[in-house]
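Q: Could you take me through one part of this model up close? I'd like to see how a single spot sits among its surroundings.

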Amino acid sequence: MVTARPLLSGPTRELTGFAAVGLLAYAADLGLFSWLRGPAALDPLTAKSLSFVAGCTVAYLGNACVTYRHTRATGARAYAVFVAVNLAGALVQLLCLAVSHYGLGLTSQRADTVSGAVVGMALATILRFWGTRTLVFRGGGRVGSWTG
């Protein structure tokens with residue numbers, strides 16, 4: 001008897017799903033922010049706040065329906081913890097930018113981009129992945145723990 005094996009399994013499937021959902025959420029956040037700042041003419045903080053919530057919602061639904069579909073995390077509590085994890089990730093990015101720009105005196109646009117959008121994003125993504133799998137979508141459906 002031949003059984004079909006999934007193309008991706010275990011940690012690779014989880015990481016791939018998390019990354020794909022993250023890219024979709026990022027696109028939703030960026031697209032909405034651009035529209036709210038442009039044609040809708042909202043101020044930057046209101047526009048970013050709204051686009052952040054929209055991006056978090058897309059990421060939560062994508063992870064709940066795809067990446068972690070076999071877990072039992074549902075309801076307002078799971079969504080609230082997910083938003084909190086994403087806010088913590090945003091703070092990590094801001095902290096990287098602040099340390100580089102104000103602490104180290106690296107004030108060029110390139111330095112700001114590297115510290116906030118590259119280093120900060122990488123560290124924030126690690127935190128978001130850990131928080132999402134550990135605090136929001138716990139256990140169910142996973143085969144063993146590969147993060148230690």
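A: Happy to. The structure holds 0 disulfides, a disulfide being a pair of cysteine sulfur atoms within 2.5 Å. This is a predicted model, in which local features need pLDDT of at least 70 and side-chain atom pairs count only at pLDDT 80 or more, while totals for chains, interfaces and linings use all residues. Residues are numbered from 1 along each chain as its sequence is written, and side-chain values use heavy atoms, leaving out hydrogens and water.

Let's look closely at T67, which is found in helix α2; helices here are DSSP runs of H or I with at least four residues, numbered from the N terminus. T67 counts as buried because its relative accessibility is 12%, where buried means under 20% relative accessible area with a 1.4 Å probe and protein chains only. The side chain of T67 has a polar atom 3.4 Å from the backbone nitrogen of F18. Its side chain also makes a polar contact of 3.1 Å with the side chain of N63. A polar contact is a pair of N or O atoms within 3.5 Å, one able to donate a hydrogen and the other to accept it; residues adjacent in sequence count only if both atoms are side-chain atoms.

Who else surrounds this residue? Setting aside neighbours within four places in sequence, T67 is in contact with E14, G17, F18, V21 and G62, contact meaning heavy atoms within 4.5 Å.

How values were computed. Helices (H or I, at least four residues) and strands (E, at least two) are DSSP runs, numbered from the N terminus. Buried means under 20% relative accessible area, exposed over 50%, partly exposed in between (1.4 Å probe, protein chains only).
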